[in-house]
Amino acid sequence: MIILSPLGWLGRSTLYFLAATGRITLFALQAFSHIFRPPWYPRELFNALMQIGWLSLPVVGMTALFTGGALALQIYSGGSRFNAEAVVPQIVAIGMVRELGPVMAGLMIAARVTSSIAAEIATMKVTEQIDALVTLSTDPMKYLVAPRVLAALLTVPVLVGVGDIIGIAGGYTVAVQSLGFNPAAYLQNTVDFLEPLDIISSLAKGAAFGVIAAMMGCYFGMASGRGAMGVGRATKDSVETAAVLILAANFALTGVFFSL
Amino acid sequence: MIRMENVTKSFGQKHVLRGLDLEIPRGTSMVIIGGSGTGKSVALKCVLGLIQPDSGKILVDGKDARGGDRDAFLARFGMLFQGGALFDSLPVWQNVAFRLLRGRLKRPQAEAREIAVDKLRRVGLTPDVADLLPAELSGGMQKRVGLARAIAADPEIIFFDEPTTGLDPIMSGVINDLIREIVVEMGATAMTITHDMTSVRAIADNVAMLHDGVIQWTGPVADMDASGDPYLEQFIHGRAEGPIEAVR
């Protein structure tokens, strides 16, 4: 028994993981299909665009600003060990655009948007508002899920783009104010070094992370258990899963763009 | 007419409905009573398709409730949920007019608002409530708004899930009277779930008692007190002793 119990646990965990993957995949396919099929709810989409895009700007911007500043300091400190301090503009630019900009924005969106969507939809489920929607001839997938996923798909790449710029500006400010870099030369080096593929990969990652964040919030909200504990668990699970999937997707997408 | 034939539903090992048979003639008010956790809400949600039964038939006017045009089917129903289930983010009038602002029953916004205010007035609420959010209302007012939403599109069939739960006795009386008046004046078929015996006497034409997943007794409300059924008598009189096991 003692020998077999870990195997049993492994089997159960594998089955649970596969079943959850299947459920999430089906949910995602359903959500995407509802984006393209009427009826559409423009007011819900507008609200989601504001909540996910516009209102996330401060937190994404602040995160990018501090990350860019810290990155400049780290690169300067590391580079000085082999007389390569001059690479600060280039490494800040590529580091922010290809990696830290999208990942930090994705994780902040997971913290802010995924949790909020999951808690809202789970509360609606617990208080029978989802059932009420159905009895009022309104499909919750169309009314609640599709607008949020579409809004995240459209706005998170923009947020990532803005975050990239603010992050580079953070690095620029630190480099110019504290590390003695020439402002014009810093900007010129940044612009010269970045390639179109760097920016495309950044925005593509943003779109993928946005969809993951919104989808996980919606899925765990709709699958919530009863009561306050159900809402709490749905919120926690949604943020954990979104964060891990964002990092996993980042690795996969980086591999894809690396091979181009 | 609503007819449920041998409907079963289990959740894991728990058998909630074990072959439920029930008939609600058109234009009558049926009240389903029974202890907590006996499957009353599950039965109601099975009719609406919110829960899929494991087996059995559910017919509305002779047609299978699970087949055909789902939107057209649901457009015939109104439902008052136990907790109101009002949408927090929408003002009261948009809650009431929800069905009239979208889908096949869509009307111009001004007309939908006018209907919402009219329905609010019908349930005893003044027009100034229309622009408040549900969170700004008391429990009794939320129940009235839920009732106004249930009747907003003049449904043929109205379901009431524990309409007086959580209300004081006077407000319960007001809601019971409103439900009765509205059902009579609309000529609607009504199905109510409750364990409040005052509601039963105020609302019902017919009563069905659900116990252990089946209908234990059903008949006109006037026959209820002289039914001779030990389960029903224990429930009506709220006795701890009897065939229904009470957990102490």
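## Contacts and salt bridges, chain by chain

Author: In this predicted model, five residue pairs are in polar contact between chain B and chain A, both residues of each pair being at pLDDT 80 or more.

Reader: Thanks! Which elements of chain B give two or more residues to the side that touches chain A?

Author: Those are helix H1 (40-48) and helix H2 (70-74) of chain B. By class, this side of chain B holds ten nonpolar, four polar and seven charged residues. The contact as a whole takes 21 residues from chain B and 15 residues from chain A. About 1600 Å² is buried between the two chains, and carbon and sulfur atoms give 58% of that area.

Reader: What makes A:Glu128 and B:Lys45 a salt bridge?

Author: Happy to walk through it. The rule asks for a side-chain nitrogen of Lys or Arg within 4 Å of a carboxyl oxygen of Asp or Glu. For A:Glu128 and B:Lys45 the N to O distance is 2.9 Å, so the pair meets the rule.

Reader: Within chain B, what does the pair of B:Arg76 and B:Asp61 tie together?

Author: The closest N and O atoms of B:Arg76 and B:Asp61 are 2.3 Å apart, and the two form a salt bridge. B:Arg76 lies in the loop between H2 and strand S6 (77-80) of chain B, while B:Asp61 lies in the loop between strand S4 (55-60) and strand S5 (63-64), so the pair ties together parts that are 15 residues apart in sequence.

Reader: Is B:Asp61 buried, partly exposed or exposed?

Author: Its relative accessibility is 31%. Buried would need under 20% and exposed over 50%, so B:Asp61 counts as partly exposed.

Reader: How do you know that B:Arg180 and B:Asp205 form a salt bridge?

Author: Their closest N and O atoms are 3.0 Å apart, and the limit is 4 Å, so this pair qualifies too. B:Arg180 sits in helix H6 (residues 169-186) of chain B and B:Asp205 in the loop between helix H7 (197-203) and strand S9 (206-211), 25 residues apart. At 24% and 26% respectively, B:Arg180 and B:Asp205 are partly exposed.

Reader: Which residues do salt bridges with shared partners join into one network?

Author: B:Arg26, B:Asp61, B:Arg76 and B:Glu156 are joined that way.

Methods
Residues numbered from 1 in each chain as written. Chains lettered and ligands numbered in written order. Predicted model: local features only at pLDDT ≥ 70, side-chain atom pairs only at ≥ 80, totals over all residues. Heavy atoms only, no water. Contact = heavy atoms within 4.5 Å. Buried area = accessible area lost by both parts, 1.4 Å probe. Polar contact = N/O pair within 3.5 Å; in protein donor to acceptor, adjacent residues only side chain to side chain. Helix = DSSP H or I, 4+ residues; strand = E, 2+ residues; numbered from the N terminus. Nonpolar A, V, L, I, M, F, W, Y, C, P; charged D, E, K, R; others polar. Buried < 20%, exposed > 50% of the residue type's maximum accessible area, 1.4 Å probe, protein only.
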